[in-house]
Amino acid sequence: MIWLWLSAAFMVTTAGVHSVLGYRRLIVPLLRAGPLADPLTRRIIRFAWHATSVLMLISAAAVAWPGTPNGLLIAIGSGWLATGLANAVYTRGRHIAWPALCGAGIFALIGALA
């Protein structure tokens, strides 16, 4: 069970950093750049950014929830691990999130398979 709690902790931390730091360092400058002048587009981008963080929190709750089926834990862990590995390859290891994404996935998989 400790592996699943570690996975959830990584997911919650990733969601927090994504929502706060990512918004400040990526979304705000993007919206100030000019090509996204339409107010609806700006609202949708802000909403989608934070909705992603909410989905991270939901997956953390599913991983930490007692009695979550192993198949679901494997699916969630595999998704986080695949996302982390793709992030590492795509950004050539320069993006801050790939270790946390991979860690969350690995811990979920260990918890499901242990």
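**Figure 1. Overview of the protein.** Of the protein's 114 residues, 36% count as buried, meaning under 20% relative accessible area with a 1.4 Å probe and protein chains only. This is a predicted model, in which local features need pLDDT of at least 70, side-chain atom pairs count only at pLDDT 80 or more, and totals for chains, interfaces and linings use all residues. Residues are numbered from 1 along each chain as its sequence is written, and side-chain values use heavy atoms, with hydrogens and water left out. The protein has four helices and zero strands; helices are DSSP runs of H or I with at least four residues, strands are E runs of at least two, and both are numbered from the N terminus.

**Figure 2. Helices H1 and H2.** The axes of H1 and H2 cross at roughly 175° and come within 7 Å; axes are lines fitted to C-alpha atoms over the stretch in contact, with angles from 0 to 180 degrees between N-to-C directions. H1 is therefore roughly antiparallel to H2, a term for angles over 145 degrees.

**Figure 3. The largest pocket.** The volume of this pocket is about 520 Å³, taken as the space filled by probe spheres set on grid points joined across faces, edges and corners. A pocket is an open set of points on a 1 Å grid over the protein atoms alone, where a 1.4 Å probe fits, with protein on both sides within 12 Å along at least five of seven lines; lining residues have an atom within 4 Å of a point. Of its 18 lining residues, His18, Gly22, His95, Ile96 and Ala97 are the closest to the centre. H1 gives the most to the lining, with nine residues.

Definitions and conventions. Angles under 35 degrees count as roughly parallel, over 145 as roughly antiparallel, 65 to 115 as roughly perpendicular and the rest as oblique. Buried means under 20% relative accessible area, exposed over 50%, partly exposed in between (1.4 Å probe, protein chains only).
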